Amino acid sequence: MNEKDKVPYVVTSKSHTAVAINCAAKAGEWIQSKLGTVKQLGTKSSAQDLVTEVDKGAEQMIRKLILTHFPDHAILGEEGVEPGPEALTKALEAVKDEPYVWIIDPIDGTTNYVHGFPFYSVSIALAYQGEVILGVIYDPSRDELFIAEKGKGAYVHGNPTAVSKDNDLSESLLATGFPTEHSFNLPNNMAGIQALLPKVRNLRGGGSAALHMAYVAAGRLSGYWELGLNPWDIAAGALLIQESGGKVTDTKGRPYDLSVRNIAATNGKIHEGLLNTLSEAEATGY
Ligand code: IPD
Ligand code: CA
Ligand code: CA
């Protein structure tokens with residue numbers, strides 16, 4: 001047989017979920033083994049937007065593993081897209097007709113990783129015809145694996161997750177992220193903080209969008225908002241929250257989809273309060 005006519009061997013027996021878990025666990029373990037050894041620290045869209053050889057290596061590892069099992073699937077990975085909204089729009093356009101698209105953030109929380117602050121994660125989602133059907137977030141520092149399958153619930157280490165029961169902003173622990181884009185998103189975020197902080201129990205900025213969202217799903221945070229994100233930061237977390245009984249929209253209340261960059265994610269009960277406060281403070285990022 002001619003070399004080019006050879007059909008590559010494809011492992012077909014594993015489910016999407018098993019592959020996602022395997023990828024997250026393997027990449028997480030490798031990332032953890034490299035903690036404190038970063039040699040190439042680079043910047044992307046701004047001086048605060050970091051990337052290392054570990055981010056790139058982990059994404060390569062995940063891509064290879066996914067393609068071993070699903071060679072026809074498309075992959076949208078953070079390290080494969082140029083920084084900035086224009087490149088993202090193009091990348092989303094390029095995969096819009098692909099039935100299956102994997103969405104990967106190899107290290108969500110690279111700044112924390114570089115500093116040894118143990119709050120970072122691997123985030124992997126799978127979208128089918130534009131809708132997220134699977135989400136896995138792995139925190140290697142705590143060995144916590146969050147999994148959600150559309151219509152089948154969300155779990156952390158096999159136990160079902162549920163959003164918190166806090167009824168009101170005054171009983172809420174919120175989180176946000178501080179934007180690396182300083183001309184528009186940062187002042188908007190600061191206006192939001194100024195308006196929300198006096199109304200809530202307290203506010204956290206942990207530095208991993210994906211883990212913040214996993215914590216909303218698990219009821220450890222009442223809600224979370226952030227401006228200027230990318231699909232790999234939020235796709236897995238959005239499904240986790242929806243499957244845990246919470247609500248995910250953009251900061252104006254429109255339904256979540258892969259193009260949403262300004263995210264509001266809550267237990268549902270405080271959603272309106274969060275959105276109204278952001279809107280009154282002109283802090284929605286729009
Ligand atoms: C970042 C983290 C951070 C958030 C930033 C993201 P990265 O992702 O999620 O918490 O505030 O907006 O870009 O760059 O570490 O993958
Ligand atoms: Ca990220
Ligand atoms: Ca990342």
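Biologist: In which sense do strand 5 and strand 6 pair, and over how many bridges?

Modeller: Please note at the outset that this model is predicted. As a general idea, strands of a sheet pair through backbone hydrogen bonds, either parallel or antiparallel. Here, strand 5 and strand 6 are antiparallel partners, joined over seven bridges. Within this pair, Leu 126 is placed opposite Leu 134 of strand 6.

Biologist: What is the strand order of the open sheet of seven strands?

Modeller: The order is 3-4-5-6-7-8-9, and the pairing is mixed. Strand 3 and strand 9 (159-160) form the edges; each has a single partner strand, so one side of each has no neighbour in the sheet.

Biologist: Which strands does helix 2 lie across?

Modeller: Helix 2, residues 53-69, lies across strand 3, strand 4 and strand 5, and runs at about 150° to strand 4. Helix 6, residues 209-217, also packs on the sheet, where it touches strand 4, strand 5, strand 6 and strand 7 (144-149). The direction of helix 6 makes about 100° with that of strand 6.

Biologist: Where is Gln 129 found, and is its phi positive or negative?

Modeller: Gln 129 belongs to the loop between strand 5 (121-128) and strand 6 (131-139). Its phi is positive, near 50°, in a residue other than glycine. Gln 129 counts as exposed because its relative accessibility is 60%, and the cut-off for exposed is over 50%.

Biologist: What is the strand order of the open sheet of five strands?

Modeller: That sheet has the order 11-10-12-14-13, again with mixed pairing. Strand 11 (202-204) and strand 13 are at the edges with a single partner strand each, so one side of each is left without a neighbour in the sheet. From one strand to the next, the twist averages 20°.

Biologist: Do strand 10 and strand 12 pair in the parallel or the antiparallel sense?

Modeller: Strand 10 and strand 12 pair in the parallel sense, over three bridges. As one case, Ala 175 has Tyr 224 of strand 12 as its bridge partner. Helix 7 packs on this sheet and touches strand 13 and strand 14, its direction making about 135° with that of strand 13. Helix 8 packs on the sheet as well, touching strand 10, strand 12, strand 13 and strand 14. The direction of helix 8 makes about 150° with that of strand 14.

Biologist: Which residues of helix 8 are buried?

Modeller: In helix 8, the buried residues are His 271, Leu 274, Leu 275, Thr 277 and Leu 278. These residues cover an arc of only 165° around the axis, so they lie on the same side of helix 8. Glu 272 and Glu 280, on the other side of helix 8, are exposed. The buried residues pack against strand 10 (173-176), helix 5 (185-196), strand 12 (223-226), strand 13 (247-250) and strand 14 (263-266).

Biologist: Which residues are the protein donors of the calcium ion (ligand 2)?

Modeller: For a metal ion, one lists the donor atoms around it. The protein donors of the calcium ion (ligand 2) are Asp 105 (OD), Asp 108 (OD) and Asp 233 (OD), at 2.1 to 2.2 Å from the ion. Along the chain, the donors follow the spacing D-x2-D-x124-D. Asp 105 is in strand 4 (residues 100-108) and Asp 233 in helix 7 (residues 231-243), so the pair ties together parts that are 128 residues apart in sequence. Asp 105 is buried at 1% relative accessibility, and Asp 233 is buried at 9%.

Biologist: How far apart are the calcium ion (ligand 2) and the calcium ion (ligand 3)?

Modeller: The two ions are 3.7 Å apart, and Asp 105 coordinates both.

Biologist: Which residue has a side chain joined to that of Glu 78 by a polar contact?

Modeller: The side chain of Lys 44 makes this contact with Glu 78, at 3.1 Å. Glu 78 is in the loop between strand 3 (74-77) and helix 3 (85-95), and is buried at 14% relative accessibility. Among the residues that Glu 78 touches are Asp 105 and Trp 232.

Notes: Residues are numbered from 1 along each chain as its sequence is written. Chains are lettered from A and ligands numbered from 1 in the order in which they are written. This is a predicted model: local features need pLDDT of at least 70, side-chain atom pairs count only at pLDDT 80 or more; totals for chains, interfaces and linings use all residues. Side-chain values use heavy atoms; hydrogens and water are left out. Helices (H or I, at least four residues) and strands (E, at least two) are DSSP runs, numbered from the N terminus. Buried means under 20% relative accessible area, exposed over 50%, partly exposed in between (1.4 Å probe, protein chains only). Donors are N, O and S atoms within 2.8 Å of the metal (3.2 Å for Na, K and Ca); water is not among the atoms, so sites may look incomplete. The arc is that of the directions from the helix axis to the C-beta atoms. Contact means heavy atoms within 4.5 Å. Two strands pair if DSSP finds at least two bridges between them. Axes are lines fitted to C-alpha atoms, for helices over the stretch in contact, and angles run from 0 to 180 degrees between N-to-C directions. A polar contact is a pair of N or O atoms within 3.5 Å; within protein, one must be able to donate a hydrogen and the other to accept it, and residues adjacent in sequence count only if both atoms are side-chain atoms. Lists of a residue's contacts leave out its neighbours within four places in sequence.
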